[in-house]
Amino acid sequence: MPYVIYVSTTRKRLALAKDGKVIKRYPIGVGKMLTPTPTGTYSIINKAPNPGGPYGVMWLGLSRPHYGIHGTDNPASIGKFVSKGCIRMHNNHVLELSKLVPIGTKVVISA
């Protein structure tokens, strides 16, 4: 896979690398203390446009059940520890990301 997504929960940043070079960086919202974003290596297993509710305009499901990268209906939450473990992005950012990365893209989440 040419693309890899790197998530830093402490820095609240998502970086998209292509062929080993970071090509995009995005601010994100991550899990709060009681429901932290799980660290580890996962992959994107599905994409769901307009999932409804608080998930904004796009859902990118991870191979860890019940977790994903998604948009938000609350843009003020980006840059904070706010979610139940998912990775929140601005809607325009998650749409851009979803157009670039295929199903199967590796996602590496670290503290």
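Contact, as used in these legends, means heavy atoms within 4.5 Å. The structure shown is a predicted model.

**Figure 1. Surroundings of Ile 5 in the largest nonpolar core.** With neighbours within four places in sequence left aside, Ile 5 is in contact with Leu 14, Ala 15, Leu 16, Ile 44, Ile 69, Leu 97, Val 101, Thr 105, Lys 106, Val 107 and Val 108. The largest nonpolar core comprises 22 residues, and Ile 5, Leu 14, Ile 69 and Leu 97 are those with the most contacts inside it. At least two residues of this core come from each of β1 (3-8), β2 (13-18), β5 (40-49), β6 (58-62), α1 and β10 (106-110).

**Figure 2. Leu 14 in strand β2.** Leu 14 is placed in strand β2. Its relative accessible area is 1%, so Leu 14 is buried. Beyond the neighbours within four places in sequence, Leu 14 is in contact with Ile 5, Tyr 6, Val 7, Lys 24, Arg 25, Tyr 26, Ile 28, Ile 69, Ile 87, Met 89 and Leu 97. Among these partners, Ile 5, Ile 69 and Leu 97 are listed with Leu 14 as the residues with the most contacts inside the largest nonpolar core. Leu 14 and Gly 104, which are 90 residues apart in sequence, lie 17 Å apart in space, C-alpha to C-alpha.

**Figure 3. The salt bridge between Glu 96 and Lys 24.** One salt bridge is found in a search of the whole structure. It joins the side chains of Glu 96 and Lys 24, with an N to O distance of 3.4 Å. Glu 96 belongs to helix α1 (residues 91-100) and Lys 24 to strand β3 (residues 21-27), so the pair ties together parts that are 72 residues apart in sequence. Glu 96 counts as partly exposed, at 31% relative accessibility. Lys 24 likewise counts as partly exposed, at 31% relative accessibility. Lys 24 is also one of the residues in contact with Leu 14.

**Figure 4. Lining of the largest pocket.** The largest pocket has a volume of about 220 Å³. Its lining is formed by Pro 54, Tyr 55, Trp 59, His 66, Tyr 67, His 70, Val 82, Ser 83, Lys 84, Cys 86 and Arg 88. By residue class, the lining divides into six nonpolar, three polar and two charged residues. Several lining residues, including Pro 54, Tyr 55, Trp 59, Cys 86 and Arg 88, are in contact with His 70.

**Figure 5. His 70 and its contacts.** His 70, a residue of the pocket lining, is placed in strand β7 (residues 68-70). Its relative accessibility is 3%, and His 70 therefore counts as buried. Neighbours within four places in sequence aside, His 70 is in contact with Pro 54, Tyr 55, Met 58, Trp 59, Cys 86, Ile 87, Arg 88, Met 89 and Val 94. Ala 48, 22 residues from His 70 in sequence, is 9.4 Å from His 70 in space, C-alpha to C-alpha.

**Figure 6. Val 94 of helix α1.** Val 94 is found in helix α1 and is buried, with a relative accessible area of 0%. Residues up to four places away in sequence not counted, Val 94 touches Val 57, Met 58, Leu 60, Ile 69, His 70, Gly 71 and Met 89. Val 94 and His 70 are 24 residues apart along the chain, and their C-alpha atoms are separated by 6.4 Å.

**Figure 7. Two loop residues with positive phi.** Lys 12 is not a glycine, although it has a positive phi of about 55°. Lys 12 is placed in the loop between β1 and β2 and counts as buried, at 16% relative accessibility. Asp 19, also not a glycine, has a positive phi of about 50°. Asp 19 is found in the loop between β2 and β3 and is exposed, with a relative accessible area of 61%.

**Figure 8. Thr 35 and its contacts.** Thr 35 is found in the loop between β4 (30-31) and β5. Its relative accessible area of 26% makes Thr 35 partly exposed. Apart from neighbours within four places in sequence, Thr 35 is in contact with Ser 83, Lys 84 and Gly 85. Ser 83 and Lys 84 also belong to the lining of the largest pocket. Thr 35 and Lys 80 are 45 residues apart in sequence and 13 Å apart in space, C-alpha to C-alpha.

Definitions and conventions:
Residues numbered from 1 in each chain as written. Predicted model: local features only at pLDDT ≥ 70, side-chain atom pairs only at ≥ 80, totals over all residues. Heavy atoms only, no water. 1 Å grid on protein atoms, 1.4 Å probe; cavity = no way out; pocket = protein on both sides within 12 Å on 5 of 7 lines; lining within 4 Å. Points joined across faces, edges and corners; volume = space filled by probe spheres on them. Nonpolar A, V, L, I, M, F, W, Y, C, P; charged D, E, K, R; others polar. Salt bridge = Lys/Arg side-chain N within 4 Å of Asp/Glu carboxyl O. Helix = DSSP H or I, 4+ residues; strand = E, 2+ residues; numbered from the N terminus. Buried < 20%, exposed > 50% of the residue type's maximum accessible area, 1.4 Å probe, protein only. Core = buried A, V, L, I, M, F, W, Y, C linked by side-chain atoms within 4.5 Å.
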